Amino acid sequence: MVIHHLEDCPYCQALKKVFVDNQEIQEMCQNNFIMLNLMHETTDKNMSPDGQYVPRIMFVDPSLTVRADITGRYSNRLYTYEPQDLPVLIENMKKALRLVQTEL
């Protein structure tokens, strides 16, 4: 799970607050995910398949491929989540776990 954000971004800070406060997300992060927290934009084009914006959260499978089938609800920013999108993020985290288990 790769999280792209900036320290001075109000949207990133709002998402971070609800992310940290959500017990279900915290348990999944601690028990089931390897997380990469990027606070600076990367030059790797694979990590910005639909543009460079923050916040964005992507799921990368064991073959190091960004999962294009696990996205948020916005068609113009596929990997962004807003605070009210936490249920979508939780479902996507569960989907990522299911896919890793069935594809390995």
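**View 1. Lining of the largest pocket in the predicted model.** Helix α3 gives the most to the lining of the largest pocket, with four residues; helices (H or I, at least four residues) and strands (E, at least two) are DSSP runs, numbered from the N terminus. In total, 21 residues line this pocket, and Met1, Phe59, Val60, Asp61 and Pro62 lie nearest its centre. Its volume is about 440 Å³. A pocket is defined on a 1 Å grid over the protein atoms alone, as an open set of points where a 1.4 Å probe fits, with protein on both sides within 12 Å along at least five of seven lines; lining residues have an atom within 4 Å of a point. Grid points are joined across faces, edges and corners, and the volume is the space filled by probe spheres set on the points. This is a predicted model, in which local features need pLDDT of at least 70 and side-chain atom pairs count only at pLDDT 80 or more, while totals for chains, interfaces and linings use all residues. Residues are numbered from 1 along each chain as its sequence is written, and side-chain values use heavy atoms, with hydrogens and water left out.

**View 2. The nonpolar cores.** A nonpolar core is a set of buried Ala, Val, Leu, Ile, Met, Phe, Trp, Tyr and Cys residues joined through side-chain atoms within 4.5 Å. Buried means under 20% relative accessible area, exposed over 50%, and partly exposed in between (1.4 Å probe, protein chains only). The largest core has 19 residues, of which Met1, Ile25, Phe33, Ile57, Phe59, Leu89 and Met93 touch the most other members. Two or more residues each come from α1 (10–21), α2 (23–32) and α3 (86–103), and α3 gives the most, with seven. Apart from this core lies another, of six residues, including Met47, Tyr53, Met58 and Tyr79.

**View 3. Surroundings of Phe33.** Phe33 is in contact (heavy atoms within 4.5 Å) with Met1, Met28, Phe59, Met93, Ala96 and Leu97, leaving aside neighbours within four places in sequence.

**View 4. The three-stranded sheet.** The sheet is open, with the strand order β2-β1-β3 and mixed pairing; two strands pair if DSSP finds at least two bridges between them. Strands β2 (36–38) and β3 (56–58) stand at the edges with a single partner strand each, so one side of each has no neighbour in the sheet. From one strand to the next, the twist averages 15°, with axes fitted as lines to C-alpha atoms and angles running from 0 to 180 degrees between N-to-C directions. Strand β1 (residues 2–4) and β3 run antiparallel and are joined by three bridges. His4 stands opposite Arg56 in β3.

**View 5. Asn22 between two helices.** Asn22 is in the loop between α1 and α2. It is buried, with a relative accessible area of 18%. Leaving aside neighbours within four places in sequence, Asn22 is in contact with Leu86 and Ile90.

View 6. Val54 and Pro55 are joined by a cis peptide bond, with omega about -10°. Pro55 is placed in the loop between β2 and β3. Leu64 lies in the loop between β3 and α3, and its phi is near 70°, a positive value in a residue other than glycine. Leu64 counts as exposed, at 72% relative accessibility.

**View 7. Contacts of Thr71.** Thr71 is in the loop between β3 and α3. Not counting residues up to four places away in sequence, Thr71 touches Leu78, Tyr79, Tyr81, Val88 and Asn92. The C-alpha atoms of Thr71 and Tyr81 are separated by 9.0 Å, and the two residues are 10 residues apart along the chain.
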